[in-house]
Amino acid sequence: MKRANERLAMNYFTRLAGLLCAMAVFAFGQSMHSVGNIFDPKATPAESVYHLSVLVIAVCGVIFLVVAGLLTFTILRFRRRKDDDGHEPAQVYGSNRIEVAWTVIPFLIVLVLTMATARVVIAIQNKPAPKDALQVTVIGHQWWWEIRYPELGIVTANELHVPMSTVANPALTFLKLQSADVAHSFWVPQLAGKTDLIPGRTNSMWIDPRQEGTFLGNCAEYCGLQHANMLLRVVVQPPADFKKWAAQEKTDGAHDPRLEEARATFLSLSCINCHTVSGTSASGTFGPDLSHLMSRANLGSGVIPNTEQNLRAWVKDPQTIKPGNLMPNMQLNARELDEVLAYLASLK
Ligand code: CUA
């Protein structure tokens, strides 16, 4: 019986160890591919959070070692022995010195961690926006991000372009965070901590990315069926490239005279009730702005790469790609589908 129990316990431990290893491998793989690593910050707010995390992990690590060490020592030193006579050991009650120590030390530890955290929160939140800061409004939707640059007259989705910041030329981007439906949370781990987007309220955050490139993030507040597919890309560009991108985005949607028929077909369909193409009668705001759809790398808020084939599959039936998203299958016939795709592909 004892043997069988031991074997059962071993079996259980082997499986638990296997599960933990699998989780570690998965988490590591995730950190390399989907969202950025918080231990590799590329902007000031993320760096402050990183330094604070290191402090908290170090303090907690020391506490863990002390507690686990004492526990292990006690278990080994005072284990039941063969010559145990079955009597209870002497019971010891009340030691003022020990009780003061285990009240005061934890209090001081909590105090230090609270002060350190408050300092970081205040430093990030009270940062005044410089006059030349880029202002962006990000609106969370089920399940995509609307991105507006009110001063530049640009509306886009899911891919936030910002200028790169350097010591010589600091470029700060201030974000106003709002929600069109439920609570979401904006999180790009390498750039800043999480900030919620709450209906009826405007939150704010700022970033000053110091490295060119694309930084991945996602919605960090459960917001419904496709919460996990509410992905976010921040494209950090040198200021000159950012200006070029902004100038292109500001133009009206492309008007290719060879696609007159395709354009007319698109504008005759109910697509225009939800989507905007600037310079046309399509002015819906329920779904992402399509004026420069082809300038974006992904479709469906990061669900699939924006290729011709994927765009066709998406328009044909978005529900097979992102089940539950609010774009219905429009039941387009073959001709309509071809024309809508030809027109969308021209929106560079
Ligand atoms: Cu939006 Cu989770």
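**Reading a sheet and its salt bridges**

Modeller: Let us begin with threonine 137, which lies in strand S1 (residues 134-141). The model is a predicted one.

Colleague: Is threonine 137 buried or exposed?

Modeller: A residue is called buried when its relative accessible area is under 20%. Threonine 137 has a relative accessibility of 12% and therefore counts as buried.

Colleague: Which residues does threonine 137 touch, leaving aside those up to four places away in sequence?

Modeller: The contacts are Glu146, Ile147, Arg148, Pro150, Lys176 and Gln178.

Colleague: In what order do the strands of the open sheet follow one another?

Modeller: The order is S3-S2-S1-S5-S8, five strands with mixed pairing. At the edges stand strand S3 (154-157) and strand S8 (203-207); each has a single partner strand, so one side of each lacks a neighbour in the sheet. On average, neighbouring strands are turned by 25 degrees against each other, direction ignored.

Colleague: How many bridges join S1 to strand S5, and how do the two strands run?

Modeller: Seven bridges join S1 to strand S5 (residues 173-179), and the two run parallel. As an example, glutamine 135 has phenylalanine 174 as its bridge partner in S5.

Colleague: Which helix packs on the sheet?

Modeller: That is helix H4 (residues 239-250), which touches S1, strand S2 (144-149) and S3. The direction of H4 makes about 100 degrees with that of S3.

Colleague: Which pair links distant parts of the chain?

Modeller: Arginine 233 and glutamate 159 form a salt bridge whose closest N and O atoms are 4.0 Å apart. Arginine 233 belongs to strand S10 (residues 231-237) and glutamate 159 to strand S4 (residues 159-163), 74 residues apart. Arginine 233 is partly exposed at 24% relative accessibility, while glutamate 159 is buried at 5%.

Colleague: What is the distance between the closest N and O atoms of aspartate 256 and arginine 258?

Modeller: In that salt bridge the distance is 2.9 Å. Arginine 258 has a relative accessibility of 74% and so counts as exposed.

Technical notes. Residues are numbered from 1 along each chain as its sequence is written. This is a predicted model: local features need pLDDT of at least 70, side-chain atom pairs count only at pLDDT 80 or more; totals for chains, interfaces and linings use all residues. Side-chain values use heavy atoms; hydrogens and water are left out. A salt bridge is a side-chain nitrogen of Lys or Arg within 4 Å of a carboxyl oxygen of Asp or Glu. Helices (H or I, at least four residues) and strands (E, at least two) are DSSP runs, numbered from the N terminus. Buried means under 20% relative accessible area, exposed over 50%, partly exposed in between (1.4 Å probe, protein chains only). Contact means heavy atoms within 4.5 Å. Two strands pair if DSSP finds at least two bridges between them. Axes are lines fitted to C-alpha atoms, for helices over the stretch in contact, and angles run from 0 to 180 degrees between N-to-C directions.
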